[in-house]
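Visitor: I am new to this structure and would like to learn how to read it. Please show it to me and take the features in turn.

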Amino acid sequence: MIVFSGRQVLRWTLRKATCPVLSLKTILGRHKPVLSICRLYCSIQNQTSTQHTTQQHLQMGRELSVQALLDMGFTDTQADQMLERANKDGAGQSEHATSTLMVLFVLGLNPSTVLKVLEKCPELFCVKGTHLEQRIDNLRRLGLLEGSLQRVVSHYPQILTLPYKRLNTVARFLKEKCAFTVQQVTDIFRDSPAVAHCDLGQLEYKFQYAYFRMGVKQSEIVKSKLFRVPLDEIRCRHCFLERRGLYQTPDKKGQTLIVNPQLNDFLAVPEETYLTEVAIATQEEFEVFQKLMEREWLEQDDGQERGMESDCDDDDDNDDDDEEEEDMKNTYRKRRKR
């Protein structure tokens with residue numbers, strides 16, 4: 001009688017198996033008890049089988065079906081809602097619909113969250129699964145780790161509609177033009193992912209307004225989530241405080257005669273809180289001020305347009321003066337606009 005050891009049986013079994021995760025050498029080289037190795041092997045096989053089953057449901061055809069959605073984990077109601085959403089504008093017929101679902105599930109989102117994501121951004125139904133994977137991987141390279149990545153996608157799925165080159169352009173712009181650190185850029189994408197869709201000129205002006213006009217440094221800009229707030233609201237709240245003597249632009253040494261409120265105290269709060277606790281003013285006073293500010297901005301824009309026309313006339317006579325080097329502060333002054 002030939003007696004085979006458990007180690008030999010496992011060796012022959014693994015030779016016949018097609019396990020993409022662990023090699024024979026890796027498993028046997030760890031000197032674990034045979035029983036533990038067998039349990040590990042069975043667990044991997046079960047996990048691989050589950051993933052294969054899920055992919056089968058997701059790749060059953062170009063059209064989604066209620067049964068396929070139920071097999072993915074959606075409830076009856078959710079499956080009906082998903083089909084209704086997918087079939088709008090022919091998205092359900094798209095060859096990319098099922099691959100989109102697969103990528104979102106692999107990302108770690110549950111059926112309820114996947115439904116919300118696609119309700120917010122049905123355009124994802126028509127994006128290739130491979131493109132979605134590239135964009136998600138790029139977000140990871142930009143510093144969005146597990147947890148933060150899922151929250152960003154759930155809150156602002158539109159970020160996955162952008163080519164990864166566009167996202168990298170915005171990241172490079174924030175580092176080079178606005179002097180944010182790598183970690184600060186990551187924090188901006190985590191807290192204000194809509195910056196990915198912003199016009200870079202307006203994004204630069206918003207930063208320069210806070211940096212030069214308000215005297216706020218990069219760390220406070222990131223902490224206050226300034227890029228979430230519309231530019232007009234930033235300017236209006238800041239100027240209202242300034243004209244009431246409650247805010248002062250720091251001098252070259254960063255000093256002021258008064259203690260300025262932090263950005264968090266007057267930007268990241270409701271208007272009622274801003275008026276009662278920071279500006280110490282009534283709603284009527286603030287509304288009158290807003291109308292005056294709108295008039296001032298219109299006059300500034302008109303004056304700027306006339307100045308630009310005058311500059312164009314001068315350029316016709318001086319073509320050799322096209323090459324000019326301006327620092328960030330001069331750029332801010334020349335580009336003041338709404």
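Guide: Contact means heavy atoms within 4.5 Å. Among contacts in the protein chain between residues at least 6 apart in sequence, 69% join residues at least 24 apart.

Visitor: What should I know about the source of the coordinates and the numbering?

Guide: This is a predicted model, in which local features need pLDDT of at least 70, side-chain atom pairs count only at pLDDT 80 or more, and totals for chains, interfaces and linings use all residues. Residues are numbered from 1 along each chain as its sequence is written, and side-chain values use heavy atoms, with hydrogens and water left out.

Visitor: What is pLDDT, and what does the protein chain average?

Guide: pLDDT is the predictor's confidence in each residue, from 0 to 100. The protein chain averages 78, and 68% of the residues score at least 70.

Visitor: Where does pLDDT stay under 50?

Guide: Where pLDDT is low, the predicted coordinates should not be read in detail. Here pLDDT stays under 50 over residues 1-7, which have six contacts beyond four places in sequence in the model. It also stays under 50 over residues 9-62, with 41 such contacts beyond four places in sequence.

Visitor: How many helices and strands does the protein chain have?

Guide: Helices (H or I, at least four residues) and strands (E, at least two) are DSSP runs, numbered from the N terminus. The protein chain has 18 helices and zero strands.

Visitor: How do I read the packing of two helices, such as H5 and H7?

Guide: Axes are lines fitted to C-alpha atoms, for helices over the stretch in contact, and angles run from 0 to 180 degrees between N-to-C directions. Angles under 35 degrees count as roughly parallel, over 145 as roughly antiparallel, 65 to 115 as roughly perpendicular and the rest as oblique. The axes of helix H5 (residues 76-87) and helix H7 (residues 111-120) come within 10 Å and cross at roughly 25°. H5 is therefore roughly parallel to H7. On the H5 side the contact includes Gln78 and Met82, and on the H7 side Val114 and Leu118.

Visitor: What is the handedness of the crossing of H5 and H7?

Guide: A crossing is left-handed if the near helix is turned anticlockwise from the far one by less than a right angle, and right-handed if clockwise. The crossing of H5 and H7 is left-handed.

Visitor: At what angle do H14 and H16 pack?

Guide: Helix H14 (residues 231-243) and helix H16 (residues 271-279) pack at an angle of about 20°, with their axes 12 Å apart. That angle makes H14 roughly parallel to H16. Their crossing is right-handed. Among the residues making the contact are Cys236 and Phe240 of H14, with Tyr274 and Leu275 of H16.

Visitor: How many residues of the protein chain count as buried?

Guide: Buried means under 20% relative accessible area, exposed over 50%, and partly exposed in between (1.4 Å probe, protein chains only). Of the 338 residues of the protein chain, 38% count as buried.

Visitor: Which residues of H9 are buried, and what covers them?

Guide: In helix H9 (residues 148-155), the buried residues include Ser148, Leu149 and Val152. Their cover includes helix H6 (97-107), H7, helix H8 (129-141) and H11.

Visitor: Is Ser192 buried or exposed?

Guide: Ser192 is buried, because its relative accessible area is 6%. This residue lies in the loop between helix H11 (182-191) and helix H12 (200-213). Not counting residues up to four places away in sequence, Ser192 touches Asp187, Lys225, Phe227 and Arg228.

Visitor: What is the phi of Lys225?

Guide: Most residues other than glycine have a negative phi. Lys225 is not a glycine, yet has a positive phi of about 55°. Lys225 lies in the loop between H13 and H14. With a relative accessible area of 30%, Lys225 is partly exposed.

Visitor: Where is Ile280, and what is its phi?

Guide: Ile280 is found in the loop between H16 and helix H17 (283-317). Its phi is near 50°, a positive value in a residue other than glycine. Ile280 counts as exposed, because its relative accessibility is 55%.
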